[in-house]
Amino acid sequence: MHTLRRFSAAKLAKAVSRWPSRLKGTGGRPSAPLGSRILTSPDDIFKHNMWDHVHWTEEDKENARQKAEENSCIQIPKEEQGKFDTEAHQYWDKFYEMHQDKFFKDRKWLFLEFPELLPSGAKSQATNRCLGVEQASYLQPTGSSVDTDTRHQQHNGTTHHHNHQESCAATQTTTFPGQHASFRILEVGCGVGNSVFPIVDSLKGTDAFLYCCDFSTCAIQLVKDHPGYDDSVCHAFVHDICEEMASFPFPPQSLDVILAVFVLSSIHPERTQGVVNRLSTYLKHGGIFLFRDYGRYDLSQLRFKRGRCLSENFYTRGDGTCVYFFTKDEVHDLFSNAGLQEIQNLEDRRLQVNRGKKVAMHRVWMQSKFRKPYPPSPS
């Protein structure tokens, strides 16, 4: 099987010699502290459970393409596909009712990969906590960062002026949660709060506020019932980001950051552009959209059996939830078409190792950052 492969020493040596030391994409950064495990000797492959910045050979690429072609040659009939879209919230409700908050781990890696999530005063403290996280949690992809302070100093010194004006404009509308915060974050598709609670812990004592939403009523109730939930810095609410007429509890151009982690892949690809377009209207000028999701030919795509494909690179799992697998070009077009400017767009390829079974598996994730540009200055 391509996805679970036993590597010979000769094949590993050939592959290792081609592996680069940096990620492919816009805005690569030095790999330490995460993403620093580079396999340089085939003899070392089973020393760790993940290796970073893996180069795929032409054979790897062709095997993956063929496997995806095989598992998508039989598609679910069109007349049966509609329920996976119209009843999506029911499938996810059942998922969270079954798994509660036991399925996913808290994303303590967030602030290393996405320091833009925090106002400048909270960044160093959160980063220090992340650096203390055991290497077991480093399984997430790595990428570059654009320092929030640097971001606020761009555009010939106009950033602070624009953000101050927008913040004031937002607070002059109807009262809303987080109205008086100077720094606002929205996480869409928050699930049971695996990003929420690491963020909330780091926002306490700052002038920042987090909004988090999911279309699963069960998931949002689990967030609100969590002992770490604090409505002085967080507002959780049920919301379907695919619903064009649904309103948010805050005005347009009021957010500094939008976070979408393994969310857009669960949406039908024909709806995704509209979702990003609508979400982008809530960003302030200079605000940033942070994205992490599945990449094309990830292990999880190649593991699908025939008869689970809805459309090209879009599948439904046995529990009725869906997943799409992105390419770097698709991600670029998705956000650029919404009027956002690319800061980072990475295709993060890793080698995941099962040391007990002596098998190695290819993982592919996308990690990207896009900023809402400022309007042209009047001449």
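**Exercise 1. Helix H9 and the residue after it**

Which residue takes a positive phi just after H9? Then decide how far H9 is enclosed.

*Solution.* The model is predicted.
Step 1. Gly 205 takes the positive phi, at about 85°.
Step 2. Helix H9 covers residues 196-203. Its buried residues are Val 196, Phe 197, Pro 198, Ile 199, Val 200, Ser 202 and Leu 203.
Step 3. That is 7 of the 8 residues, so H9 is largely enclosed by the rest of the structure.

**Exercise 2. The chain as a whole**

State how many helices and strands the chain has, and what share of its residues is buried.

*Solution.* 
Step 1. There are 13 helices and 12 strands.
Step 2. Of the 379 residues, 51% are buried.
Step 3. Take contacts between residues at least 6 apart in sequence. Of these, 77% join residues at least 24 apart.
Step 4. Phe 84 and Leu 310 are 226 residues apart along the chain, and their C-alpha atoms are separated by 9.2 Å. Arg 303 and Lys 67 are 236 residues apart, with C-alpha atoms separated by 8.6 Å.
Step 5. Phe 84 is in helix H3 (residues 78-86) and is buried, with a relative accessible area of 11%. Arg 303 is in the loop between H12 and S8. At 41% relative accessibility, Arg 303 is partly exposed.

**Exercise 3. How H11 packs on H13**

Classify the packing of H11 and H13, then list the residues that meet.

*Solution.* 
Step 1. Two packed helices are described by the angle between their axes and the distance between the axes.
Step 2. For H11 (residues 269-280) and H13 (residues 328-336), the angle is about 45° and the axes are 9 Å apart.
Step 3. An angle under 35 degrees would count as roughly parallel, and 65 to 115 as roughly perpendicular. H11 and H13 are therefore oblique to each other.
Step 4. H11 brings Thr 272, Gln 273 and Val 276, and H13 brings Asp 333, Leu 334 and Phe 335.
Step 5. By class, the contact has 3 nonpolar, 2 polar and 1 charged residues.
Step 6. Link back to the core. Phe 335 is one of the residues with the most contacts inside the largest core.

**Exercise 4. Cysteines**

How many disulfides does the structure hold?

*Solution.* 
Step 1. The structure holds 0 disulfides.
Step 2. Cys 212 is buried, with a relative accessible area of 0%. Cys 322 is also buried, at 4%.

**Exercise 5. Loop residues**

Gln 253 and Asn 313 both have a positive phi without being glycine. Is each one buried or partly exposed?

*Solution.* 
Step 1. Gln 253 has a phi of about 55°. It sits in the loop between strand S5 and S6. At 32% relative accessibility, Gln 253 is partly exposed.
Step 2. Asn 313 has a phi of about 65°. It lies in the loop between strands S8 and S9. At 9%, Asn 313 is buried.
Step 3. Asn 313 is in contact with Arg 296. Arg 296 is found in the loop between strand S7 and helix H12. At 12% relative accessibility, Arg 296 is buried.
Step 4. Other contacts of Arg 296 include Tyr 324, Phe 325, Phe 326, Glu 330 and Val 364.

Definitions and conventions:
Residues are numbered from 1 along each chain as its sequence is written. This is a predicted model: local features need pLDDT of at least 70, side-chain atom pairs count only at pLDDT 80 or more; totals for chains, interfaces and linings use all residues. Side-chain values use heavy atoms; hydrogens and water are left out. Axes are lines fitted to C-alpha atoms, for helices over the stretch in contact, and angles run from 0 to 180 degrees between N-to-C directions. Helices (H or I, at least four residues) and strands (E, at least two) are DSSP runs, numbered from the N terminus. Angles under 35 degrees count as roughly parallel, over 145 as roughly antiparallel, 65 to 115 as roughly perpendicular and the rest as oblique. Contact means heavy atoms within 4.5 Å. Ala, Val, Leu, Ile, Met, Phe, Trp, Tyr, Cys and Pro count as nonpolar, Asp, Glu, Lys and Arg as charged, and the others, Gly among them, as polar. Buried means under 20% relative accessible area, exposed over 50%, partly exposed in between (1.4 Å probe, protein chains only). A disulfide is a pair of cysteine sulfur atoms within 2.5 Å. A nonpolar core is a set of buried Ala, Val, Leu, Ile, Met, Phe, Trp, Tyr and Cys residues joined through side-chain atoms within 4.5 Å. Lists of a residue's contacts leave out its neighbours within four places in sequence.
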